[in-house]
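Thanks for coming, everyone. Please look at the screen, and I'll walk you through it.

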Amino acid sequence: MSQDREHLLDLYRCMVKIRAFEDAAHAQFLSGAMPGFLHLYSGEEAVAVGVMAVLRDDDFVTSTHRGHGHLIARGGDVNLMMAEIFGRATGYCKGKGGSMHVADVKLGMLGANGVVGASIPIGTGAALACQFKGEGAVSVTFFGDGATNRGTFHESLNLASVWQLPAVYICENNLYGVANCQREHMNICDIADRAKSYGMPGVIVDGNDVLAVREATAEAVARAREGGGPTLVECKTWRHHGHFVGDAATYRDPAEHQEWMEKDPIPRFGADLVSGGHVTPDDLAFIQAEIASELEAAVAFAVGSPWPTEADLLTDVYTD
Amino acid sequence: MKRMNFGEAIAEGLTLEMERDPTIYIAGEDVGIFGGSFGVTGHGVFQKFGPSRVRDTPISETAIIGHAVGAAAAGLRPVVELMFMDFVGIAGDELWNQAAKMHYMFGGQLKVPMVVRTVSGAGIGAAAHHSQSLEAMIAHVPGLKLVAPATHADAKGLIIAAIRDDNPVVFVEHKMLYGLQGDVPEGDHVVRIGVADLKKLGADVTIVAWSAMVHTALAAAELLAAEGIDAEVLDLRSLVPLDKDAILESVAKTNKLVIAHEAVRTCGFGAEIAALVADEGFDLLDAPIKRVTAPDTPVPFSPALEAAYVPTAEKIRAAVVSLG
């Protein structure tokens, strides 16, 4: 796997960008400037970035209600994303989707989704399209621990296995489905164990280690590209904030929270890069500053953009 | 023209389209080896295209409909089967929240060109879970199209149109129609979605119907003719989009409207038509709008009860006569 300095810096940059986006969105939301709901990805950056690092342009990605990280990691435009979550006409979805339905189809990113578990059949179908095309493209589907209790998970993984689809299923296990911790909503510890029921490999990864995520995904993606069928990759991780902005997450043990905060994937990777001799702390600070101005510009773009009109309300229900 | 049964007419449309476009595939329970629960894909479709384009699935309605959304978004044109319309709830989110909304929510960035073929209707004693007409539950969700052919020619023409349509289309096949023989135009015969068809011209009353009920309405028209009442039968063919103009034009001519559907009365699609005509055609009407429907009950099993459940030609006749 690439230890090329530029590639490693790109991974770092991407994680920083996600964090900065979420922080900016968070601040705007708390100030009252932003409508709707926000489900922040902060803390889980290593998963999105590690996964996307091994994908090709013609691969597909489906996402969740907590999807800003996936879109940014896939190469999404923060201006268009910010405008979308501000509900402006210049947003990715002309303001019609919002945070939970943001998408960039040109990047093969088939959307965030407001229904938990709904991404799983959609990603499975995209995998079938890849199989039909026969060019080795794969479909990566993200979902959380809670989603694996839905019938969509069961039916989709079973179908993908029977049809040997080029699918990679990434479970972002942040140990909580809103307020219920994992042991309250399932009687097993490792979601990867569920893979056995579908006759596919199940892998557990430290979801806060971007290189570990990258390795595990690379293996699963290679298997899929070569016609070896689907894989379930469980990334153990943690969300820094509540389920949505406004959720104080008092249901989580403060000690457990502190433990996970100390494993924050971004400073951790930064420290590894520095100690590995790849970069200096100044290099990292430079990246942080660069990203900070990008996000400032994104907010300005969003806030300065026009609202959609009543005429826009009625368009795009059907395509011609 | 060729004479064939209803299932064969649909199979002919499927075959022509699948020959033309390699991105079209079929998936559903028992569509492959078994030839379809009502034999449709068994009329040469599975035989010709094989298991990779006519795919048997596990019993997984959620994944059958749900994967089709993703496959369509990613460039294929799935024609999936929901074996009985009664099962729509199992794939409710997939159809109502995903298929119907992705084009809109993403600001038009992608399209979902999929067809869901499904089977409706009572009459064979299949009882409460295998006999419903749930078109209102599809029509109520913006983003879906909905067609329900009554004749063999329309079945072929509409399945072709549905497949070519870049929106999600629900294609309803009434199970009592499969065994009937009818004439089908050969070759590339397309029926435009959103266009109703006058199956019988008349002057005294408009009977609006769709699917199997069109045949019942035509039978009612014959009964009425014997009483000197000249009924016009308008076959909607498409419920969404609805050919509103055709309905209003007919009512302008006859000044009386009876709507007949096999779905239950409350919130059936007939209520939508009635409201529409009461609003936009009020001055055209010489009598109240009547709906002839199934009662608000589940579909009963016993043949004696089922016969009382499904609207008959006699009930339509009586409704027309009651308009005075």
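At what angle do the axes of helix 9 and helix 10 of chain B cross? Before I answer, remember that this is a predicted model. The crossing is at roughly 60°, and the axes come within 11 Å. Helix 10 of chain B covers residues 269–280.

Pro241(B) sits in the loop between strand 12 (238–240) and helix 9 (244–254) of chain B. The peptide bond from Val240(B) to Pro241(B) is cis, with omega near -5°. Most peptide bonds are trans, and most residues other than glycine have a negative phi.

Arg237(B) is not a glycine, yet its phi is positive, about 65°. Look for Arg237(B) in the loop between strand 11 (231–235) and strand 12 of chain B. Is Arg237(B) buried or exposed? Arg237(B) counts as buried, because it has 28 C-beta neighbours inside 10 Å, and 20 or more is the cut-off.

Asp30(B) also has a positive phi of about 65°, and it is not a glycine either. Asp30(B) lies in the loop between strand 2 (24–28) and helix 2 (45–53) of chain B. Asp30(B) is partly exposed, with 17 other C-beta atoms within 10 Å.

Next, helix 2 of chain B. Which residues are buried there? Val45(B), Phe46(B) and Phe49(B) are. They span an arc of only 120° around the axis, so they lie on the same side of helix 2 of chain B. In general, an α-helix has 3.6 residues a turn, so residues three or four places apart point the same way. On the other side of helix 2 of chain B, Gln47(B), Gly50(B), Pro51(B) and Ser52(B) are exposed. What do the buried residues of helix 2 of chain B pack against? They pack against helix 1 (6–20), strand 2 and strand 3 (54–56) of chain B.

Helix 12 of chain B comes next, residues 313–322. Here Ile316(B), Arg317(B) and Val320(B) are buried. Their arc around the axis is only 100°, so they share the same side of helix 12 of chain B. The face turned away from that buried side carries exposed residues, Glu314(B) and Ser322(B). What covers the buried residues of helix 12 of chain B? The cover includes helix 8 (213–226) and strand 13 (257–264) of chain B. Strand 10 (205–209), strand 11 and strand 14 (290–294) of chain B are also included. Just after helix 12 of chain B, Gly324(B) takes a positive phi of about 80°.

Now to chain A. Asn79(A) is in helix 4 of chain A, residues 78–85. Asn79(A) is buried, with 20 other C-beta atoms within 10 Å. Setting aside neighbours within four places in sequence, Asn79(A) is in contact with Ala298(A) and Phe301(A). Lys196(A) is 117 residues from Asn79(A) along the chain, and their C-alpha atoms are separated by 42 Å.

Last, the two chains together. How many residues does each chain give to the contact? Chain B gives 33 residues and chain A gives 34 residues. On the side of chain B that touches chain A, helix 3 (61–73), helix 4 (92–99) and helix 5 (102–105) of chain B each supply at least two residues. Helix 3 of chain B has the largest share, 9 residues. That side of chain B divides into 14 nonpolar, 15 polar and 4 charged residues.

Zoom in on one helix pair. Helix 6 of chain A, residues 151–162, packs with helix 3 of chain B at an angle of about 75°, with their axes 8 Å apart. So helix 6 of chain A is roughly perpendicular to helix 3 of chain B. Gly151(A), Thr152(A), Glu155(A), Ser156(A) and Leu159(A) in helix 6 of chain A meet Thr62(B), Ala63(B), Gly66(B) and His67(B) in helix 3 of chain B. By class, this contact has 2 nonpolar, 6 polar and 1 charged residues.

Definitions and conventions. Residues numbered from 1 in each chain as written. Chains lettered and ligands numbered in written order. Predicted model: local features only at pLDDT ≥ 70, side-chain atom pairs only at ≥ 80, totals over all residues. Contact = placed C-beta atoms within 7 Å. Helix = DSSP H or I, 4+ residues; strand = E, 2+ residues; numbered from the N terminus. Nonpolar A, V, L, I, M, F, W, Y, C, P; charged D, E, K, R; others polar. Buried ≥ 20, exposed ≤ 12 C-beta atoms within 10 Å, placed from the backbone. Axes fitted to C-alpha atoms, helices over the stretch in contact; angles between N-to-C directions. Arc of directions from axis to C-beta. Parallel < 35°, antiparallel > 145°, perpendicular 65-115°, else oblique.
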